[in-house]
Amino acid sequence: MRTSKLLLIVCVAAMAAQAESNAGRVEMLREQLHLAKTDIPTDILRPAVLGESMNFIGFSEKYGSYGEFARSVSNCWREALSNFGLIATNAVDRFLLLGVGEQFDEDFYIDYMDGIVDLNTNGIVTASELNWIAWPPRPDLLTCIRRRYRESKVMTLVDKYKIAMPQKTNYWNDVLSGAAYTNYLEEVEAGLWQ
């Protein structure tokens, strides 16, 4: 009986410490996001401007504090996405948090998108927000799903896309079959991709 009580006390203390740690990280990310916005010109910090995905290219390079925010999110991205609504409390913040997925390499983008699609399925990220990040302006990110279609994590992501974006089911089926990759290779040969 005594061991059970001790184990229960240890578990409760560990859960409380984890909750406090999580709250601290969420608050830190919120503060970094606020700081990042002070470094970005106000005429850009409007949903209509950020919503034009070409305007979001290179944010980490252009705005150092946004780069710091993006790096912080990348270090705990699962936790950041699970607290999406606590970190991003308005439309601009939502774009900036979603856009972290476009700031790094293909592997990070694929993993981040897996989390974003889950948020869409759970009603946290809207269809238009998902559409904004699912078609990034960077050619490497835009084509990585087609090029890497044989990888299990890409197949899993595409299966999720089929549910989240049923209007594009034919495209996702082409990705899974390799037809989209074949089309991509033909486009490369025709000089359509750099």
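This is a predicted model: local features need pLDDT of at least 70, side-chain atom pairs count only at pLDDT 80 or more; totals for chains, interfaces and linings use all residues.
Trainee: Which residues of H10 make the contact with H8, and how many residues of the contact are charged?

Mentor: From H8 come Glu 106, Tyr 109 and Ile 110. H10 contributes Asp 140, Leu 141, Cys 144, Ile 145 and Arg 147. By class, the contact has five nonpolar residues and no polar ones. The number of charged residues is three.

Trainee: What is the relative orientation of helix H11 (residues 152-164) and H12?

Mentor: The axes of H11 and H12 come within 9 Å and cross at roughly 165°. Because angles over 145 degrees count as roughly antiparallel, that crossing makes the orientation of H11 to H12 roughly antiparallel.

Trainee: Is the crossing of H11 and H12 left-handed or right-handed?

Mentor: The handedness concerns the pair whose axes cross at roughly 165°. For H11 and H12, the crossing is left-handed.

Trainee: Which residues of H12 meet H11, and how many residues of this contact are nonpolar?

Mentor: On the H11 side are Met 155, Val 158, Asp 159, Tyr 161 and Lys 162. They meet Thr 169, Trp 172, Asn 173, Val 175 and Leu 176 in H12. Two residues of the contact are polar and two are charged. The nonpolar residues number six.

Trainee: How much space lies in the largest cavity?

Mentor: With a threshold of 30 Å³ or more, the count comes to one cavity. The space in the largest cavity is about 60 Å³.

Trainee: Which element gives the most residues to the lining of the largest cavity?

Mentor: The lining consists of Tyr 109, Ala 134, Trp 135, Pro 136, Leu 141, Leu 142, Ile 145, Tyr 161, Tyr 171 and Trp 172. Helix H10 (139-147) and helix H12 (169-177) are the elements that give two or more residues to this lining. The most, three residues, come from H10.

Trainee: How many nonpolar residues are in the lining of the largest cavity?

Mentor: The lining includes Tyr 109, Leu 141 and Trp 172. Its residues comprise no polar and no charged ones. The nonpolar count is ten.

Conventions
Residues are numbered from 1 along each chain as its sequence is written. Side-chain values use heavy atoms; hydrogens and water are left out. On a 1 Å grid over the protein atoms alone, a cavity is a set of points where a 1.4 Å probe fits but cannot get out, and a pocket is an open set with protein on both sides within 12 Å along at least five of seven lines; lining residues have an atom within 4 Å of a point. Grid points are joined across faces, edges and corners, and a volume is the space filled by probe spheres set on the points. Helices (H or I, at least four residues) and strands (E, at least two) are DSSP runs, numbered from the N terminus. Ala, Val, Leu, Ile, Met, Phe, Trp, Tyr, Cys and Pro count as nonpolar, Asp, Glu, Lys and Arg as charged, and the others, Gly among them, as polar. Axes are lines fitted to C-alpha atoms, for helices over the stretch in contact, and angles run from 0 to 180 degrees between N-to-C directions. Angles under 35 degrees count as roughly parallel, over 145 as roughly antiparallel, 65 to 115 as roughly perpendicular and the rest as oblique. A crossing is left-handed if the near helix is turned anticlockwise from the far one by less than a right angle, and right-handed if clockwise. Contact means heavy atoms within 4.5 Å.
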